[in-house]
Amino acid sequence: MRNIKLVLAYDGTDFCGWQRQNRERTVQGELEDRLTLMTKVPVTVHGAGRTDAGVHALAMVANFQTQANISCLAFKKGLNSLLTTDLRVVAVSEEDSNFHARCSAKAKTYRYHFSTAEMIMPHARRYRARVVGPLDIGAMEQCLAQLMGRHDFSSFEATGSRDLDYHGGRGAVRTIMAASVEQEDGDDYCLTIRGDGFLRKMVRNIAGTLFAVGRGQISVAGFKGLMAARDRSQAGATAPACGLFLVEIFY
C-alpha cells in the first residue's frame with residue numbers, strides 16, 4: 001500500500017469547506033471523487049485541517065493510501081485535468097507509511113487579509129474582508145503579544161469545535177508561535193498567526209475581536225480578561241471567511 005501526499009491550493013469561495021458533505025461541494029469530496037475515478041476503487045483523503053466554507057488555501061496538505069500503479073507526476077497531471085480550476089494540485093510525493101497530513105503536522109500558518117478602505121475593488125472582494133475603521137493598529141499589536149505562548153483559547157472557539165464531554169487530550173489549549181499585523185498597501189493589512197493547532201474558526205474569531213479592539217470597543221486590558229474568561233460570548237464577532245488563507249503547514 002502506497003502513501004501519497006498532496007499539496008493543494010484552492011479558492012474557497014465556491015466550496016462548502018474542506019470536509020465531505022452530502023449534496024454539497026467540498027474540497028475533500030472533489031478530490032475523493034476524482035481519485036476514485038483514476039484508481040477505480042474508493043479513496044479516502046485525509047486533510048491537515050478542515051477549512052470552513054469560503055476559506056482559501058495556498059498549501060493545504062492531504063494524504064491518501066492506494067495500491068494503484070500511478071506515478072506521482074501522473075497523479076498530479078491527472079487530477080489537475082479532472083478538477084475545476086479553483087482547486088489545483090501543486091505537488092505530489094510518496095511518503096512512508098507513518099506520514100499523516102493531520103497527525104504529523106507540527107504547526108500551521110494562517111493569514112487574514114483585510115482593508116479599512118471605503119470599498120473593496122471587485123477583483124479583490126473574494127480574498128480580502130472590508131473592516132470598518134479607522135483601527136488602532138498599535139492596540140491590536142499589544143493584544144497579539146498576549147496570544148503568544150501556550151493558552152486555553154476557549155474564548156475564540158466556535159461551537160462544534162470539539163466534543164466538550166471528552167476530557168482527554170489537550171482540550172482548547174494551543175501554542176501560538178508567531179502573531180503580527182502588517183500594513184500591506186494603503187488601507188490594506190495582513191494578520192499572520194502561526195500555531196501548533198487551531199480550534200474551529202479560532203483565527204476568524206481572534207481577528208474579529210482584534211477589530212473590536214482597533215475600534216476602541218474592547219480595551220487591551222479587556223482583551224486579556226476575555227482570554228482568561230474562556231467564554232466565547234465575551235469575545236468579538238467572527239470575521240468574514242473571505243479574508244482567511246491557510247498558507248503553510250510544518251512537519
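1. Helices (H or I, at least four residues) and strands (E, at least two) are DSSP runs, numbered from the N terminus.

2. Before going on, keep in mind that this is a predicted model, where local features need pLDDT of at least 70, side-chain atom pairs count only at pLDDT 80 or more, and totals for chains, interfaces and linings use all residues. Residues are numbered from 1 along each chain as its sequence is written, and side-chain values use heavy atoms, with hydrogens and water left out.

3. Now the ends of α1. At its start, a side-chain oxygen of T26 comes within 3.0 Å of the backbone nitrogen of G29. Just past the helix, K40 has a positive phi of about 75°.

4. The length of α1 (residues 27-39) checks out too: at 1.5 Å a residue, its 13 residues should span 18 Å, and the end C-alpha atoms are 18 Å apart, which agrees. The expected span is 1.5 Å times one less than the number of residues.

5. On to the largest nonpolar core, with 71 residues, where F114 and F156 touch the most other members. Helix α4 (residues 202-214) gives this core its largest share, eight residues. Such a core is a set of buried Ala, Val, Leu, Ile, Met, Phe, Trp, Tyr and Cys residues joined through side-chain atoms within 4.5 Å.

6. Rings next: the model has ten aromatic pairs (Phe, Tyr and Trp rings, the six-membered one for Trp, with centres within 6.5 Å; planes under 30 degrees apart are stacked, over 60 edge-to-face, the rest tilted). F114 and Y189 make a stacked pair, 5.5 Å centre to centre with 15° between the planes. This pair links distant parts of the chain, with F114 in strand β5 (residues 107-115) and Y189 in strand β9 (residues 188-195), 75 residues apart.

7. Why does F114 count as buried? Because its relative accessibility is 0%. Y189 also counts as buried, at 13%.

Key: Buried means under 20% relative accessible area, exposed over 50%, partly exposed in between (1.4 Å probe, protein chains only). A polar contact is a pair of N or O atoms within 3.5 Å; within protein, one must be able to donate a hydrogen and the other to accept it, and residues adjacent in sequence count only if both atoms are side-chain atoms.
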